[in-house]
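Have the model open as you read.

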Amino acid sequence: MKDLETAKQMAALLEAENARLHQRLEALVQENARLKGEDAQARLQLELTQLKEQLARMQQRLFGASSEKRPSAQQEEPAARERQQRGHGPRAQPELPVQEVLLPLDEADKVCGLCGGTLQEWRGQTEDSEEVSVVERHFVLKRYRRQKYRCPEGCAPVTAPAAPRLIPGGRYAVDFAVHVALQKYAFHLPLARQERMYRREGLVVDTQTLLKPLSALARHLQPSYEALLTVVFASPLIHADETHWHLLDKGPGKKWYAWTVASPRAVHHRILPSRSGATARQVLGNYQGVAMVDGYAAYQTATKPGADGPASCSLVFCWAHVRRKFVEAEQVAPACAQVLSLIGQLYAIEAGLPDPHALEGAQQTAALALRLLVRREQSVPLVAAIREWALAQRALPGSGLRKALEYMLALWSGLTVFLSNPWVPLDNNLVERQLRDLVLGRKNHYGSKSLRGTEVAALFYSLIETARLCGEDPGRYLLRAALAAIDNPGTVTLPSSLD
């Protein structure tokens with residue numbers, strides 16, 4: 001529209017129409033409340049509050065930061081704070097092999113520019129610099145030739161034994177299968193994308209060809225995968241969580257769920273068709289310690305005492321989930337800033353406490369005693385202040401603040417266990433970190449195409465993430481475990497720190 005006056009008139013008309021629609025909405029809400037016997041003013045206020053919350057959430061998703069970090073009152077404004085400039089020098093690369101490259105002068109250039117004499121090599125004197133280069137990966141076709149021997153007396157000939165193979169008579173080596181597994185489950189490259197990469201490098205394969213060594217490798221590693229659950233359940237405290245996973249067997253696929261239990265030393269994933277309380281009971285099994293979970297009701301259903309006796313484990317709940325709900329509500333209810341500050345102080349106290357899982361013996365006992373002492377002295381008053389604040393709040397039914405308050409108070413007994421049990425952390429972040437790779441893989445290759453695919457995915461995600469937790473290279477660990485299992489089927493090989 002080029003006519004400025006016409007544009008102004010159109011804007012004025014739109015503004016008037018917008019105001020008319022708001023008045024009409026207000027009248028309809030009041031009439032609806034009157035017919036239902038409700039307080040029209042309260043109903044209108046609730047409608048407006050919900051609209052404000054929806055708008056705030058949409059603006060946060062569109063324009064806000066993805067992090068839940070909030071600015072601290074003690075931090076200075078960025079404009080007033082002097083930022084120390086970090087250098088951009090080269091990083092040390094101690095893990096890279098060094099290749100020496102000597103650059104000599106051409107024969108025609110070995111002439112002195114001043115006197116015309118012939119330049120002589122100055123031994124031991126060089127001007128050095130570095131650069132990071134790349135040697136492209138390449139595949140090789142190994143041709144094994146088993147030597148035959150014959151007896152001079154005419155007895156039966158003898159042939160050197162064949163090397164153990166991933167698949168008897170198969171064509172793909174163990175290290176190749178490990179490489180494919182790492183590319184898919186550690187670096188989230190779908191098999192179709194790997195197929196195109198390998199063709200570029202001279203190896204002609206298809207996705208079905210890549211699936212066979214993956215499945216065979218998983219069969220050899222199955223005993224090690226099953227042993228991880230024993231390692232997790234040996235911990236006095238475990239973390240549990242779940243996320244959706246797609247089984248793309250037919251049509252658009254069905255929504256399955258990846259259930260995860262984790263300890264500071266190991267991770268165990270299972271992909272199952274349901275998210276019910278019965279499935280949660282199956283996942284927790286006969287574990288008899290403390291399980292850290294979020295507020296999902298299936299865990300509470302799974303741990304209720306039943307006809308078969310009392311619950312095998314007790315639940316504690318996650319302060320990070322509580323905090324998250326107040327962060328969302330704060331956009332419309334500024335009073336949440338107070339409780340978020342109190343929760344932040346709880347986290348500040350925890351940051352200064354030792355981790356008992358990283359210690360052993362007398363040091364671990366001392367760390368547990370210190371955690372209990374500090375929490376009783378410093379965290380108990382903060383938790384009491386949080387509850388007092390929550391009970392003093394008045395929020396409209398259905399509002400974000402009301403939902404956050406109800407969520408926290410409903411889980412209160414499990415949220416406060418950490419004050420008396422030094423093993424219990426504040427949140428469930430450990431298992432959420434272990435779900436990140438699985439979620440990235442789901443995003444990249446959408447799920448699994450068969451039931452066997454769900455089993456293979458759960459196995460490799462479990463073994464790779466456990467190796468990372470233990471500080472071992474996942475590729476070396478998978479290769480070591482696979483070779484041991486091929487030589488001795490049924491062998492259990494765990495990361496070095498778990499052996």
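A residue counts as buried when its relative accessible area is under 20%, as exposed when that area is over 50%, and as partly exposed in between. Keep in mind that this is a predicted model.

## Helix to helix: Asp437 and Arg468

With a relative accessibility of 14%, Asp437 falls under the 20% cut-off, so this residue is buried. Its salt-bridge partner is Arg468, and the closest N and O atoms of the two sit 2.3 Å apart. Asp437 belongs to helix α14 (residues 436–445) and Arg468 to helix α15 (residues 451–469), so the bridge ties together parts that are 31 residues apart in sequence. On the arginine side, Arg468 is partly exposed at 37%.

## Loop to loop: Arg137 and Glu201

Which residue does Arg137 meet in a salt bridge? The partner is Glu201, with an N to O distance of 2.8 Å. Arg137 lies in the loop between α2 (40–63) and β1 (148–149), while Glu201 lies in the loop between α4 (191–200) and α5 (207–233), so this pair links parts 64 residues apart in sequence.

As for accessibility, Arg137 is partly exposed at 32%, and Glu201 is partly exposed too, at 22%.

## Arg480 and Glu472

Here's another pair: Arg480 and Glu472 form a salt bridge, with their closest N and O atoms 2.9 Å apart. Glu472 is buried, having a relative accessible area of 16%, whereas Arg480 is partly exposed at 30%.

## The overall count

How many salt bridges does the structure hold? There are eleven, among them the Asp437–Arg468 pair.

Technical notes. Residues are numbered from 1 along each chain as its sequence is written. This is a predicted model: local features need pLDDT of at least 70, side-chain atom pairs count only at pLDDT 80 or more; totals for chains, interfaces and linings use all residues. Side-chain values use heavy atoms; hydrogens and water are left out. A salt bridge is a side-chain nitrogen of Lys or Arg within 4 Å of a carboxyl oxygen of Asp or Glu. Helices (H or I, at least four residues) and strands (E, at least two) are DSSP runs, numbered from the N terminus. Buried means under 20% relative accessible area, exposed over 50%, partly exposed in between (1.4 Å probe, protein chains only).
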